[in-house]
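Student: I'd like to learn how to read a protein model feature by feature. Could you walk me through one?

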Amino acid sequence: MAKQTVIIALMTVKGGSGKTTLAACLGAELAKRGHKVTLIDADPQGSLTAWHGNGAQMQAIPLISDSSESVVQKALEASKTSLVLIDTAGFANRATI
C-alpha cells in the first residue's frame, strides 16, 4: 500500500486568526504522538519560525521557512516522508494563492 500524502495548509486572508498557534500546537501534539511532522513557515512575518525556537519539543520538528512560490514544491517533497503543516500569511500573497 502506498503512503498517503498529507499536506495541511492553514489559510485565511485575516491576520491574527490563530493560524500560527494552531500550526505550532498541532505539529507539537502530532510529533508527541509519534507522527513524523514537517512545519513550513510560509508567512513573511516568520512567526512560526519564532515559535520553533522556543523549547526542545518544537526544535525537534523539522522546519522550512519559505514564503516564495517554491514553497509548494518544498511541501510536496517533505510530504514524501512526513505530514506537512503550512502556516501561511494573513493576507493574499503569491505563495498563498
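Tutor: Gladly, and let's start with a definition: a salt bridge is a side-chain nitrogen of Lys or Arg within 4 Å of a carboxyl oxygen of Asp or Glu. Keep in mind that this is a predicted model. A search of the whole structure finds three salt bridges.

Student: Which residue forms a salt bridge with K74?

Tutor: The partner of K74 is D66, and their closest N and O atoms are 2.7 Å apart. Buried means under 20% relative accessible area, exposed over 50%, and partly exposed in between. D66 counts as buried because its relative accessible area is 11%, while K74 is partly exposed at 35%.

Student: And how do the side chains of R33 and E29 meet?

Tutor: They form a salt bridge with an N to O distance of 2.7 Å. R33 is exposed, at 63% relative accessible area, and E29 is partly exposed at 31%. In another salt bridge, the side chains of E77 and K80 meet at 3.1 Å, N to O. There E77 is partly exposed at 43%, whereas K80 is exposed at 55%.

Student: Let's turn to helices. Why can residues a few places apart point the same way?

Tutor: An α-helix has 3.6 residues a turn, so residues three or four places apart point the same way. Now the case here: in helix 4, residues 71-78, the buried residues are V71, A75 and A78. They lie on the same side of helix 4 because they cover an arc of only 65 degrees around its axis.

Student: What covers the buried residues of helix 4?

Tutor: The cover includes strand 1, strand 2, strand 3 (63-65) and strand 4. As for V71, its relative accessibility is 4%, so V71 counts as buried.

Student: How should I read a nonpolar core?

Tutor: Think of buried nonpolar residues joined through side-chain atoms within 4.5 Å. The largest such core here has twelve residues, including L10, A23, L30, V37 and L83. Helix 1 (19-32), strand 2 (37-42) and strand 4 (83-88) each supply at least two of its residues. Helix 1 gives the largest share, four residues. Another core, of seven residues, lies apart from it, with I40, A42, V71 and V84 among its members.

Student: Which residues form a nonpolar patch on the surface?

Tutor: I7, V72 and L76 do, with about 230 Å² of accessible area together. I7 sits in strand 1, residues 7-10, and counts as partly exposed because its relative accessibility is 33%.

Definitions and conventions:
Residues numbered from 1 in each chain as written. Predicted model: local features only at pLDDT ≥ 70, side-chain atom pairs only at ≥ 80, totals over all residues. Heavy atoms only, no water. Buried < 20%, exposed > 50% of the residue type's maximum accessible area, 1.4 Å probe, protein only. Patch = residues over 30% accessible without salt bridge, like charges linked within 9 Å, V, L, I, M, F, W, Y side chains within 5 Å. Areas by Shrake-Rupley, 256 points an atom, 1.4 Å probe, with all protein chains shown as cover. Arc of directions from axis to C-beta. Contact = heavy atoms within 4.5 Å.
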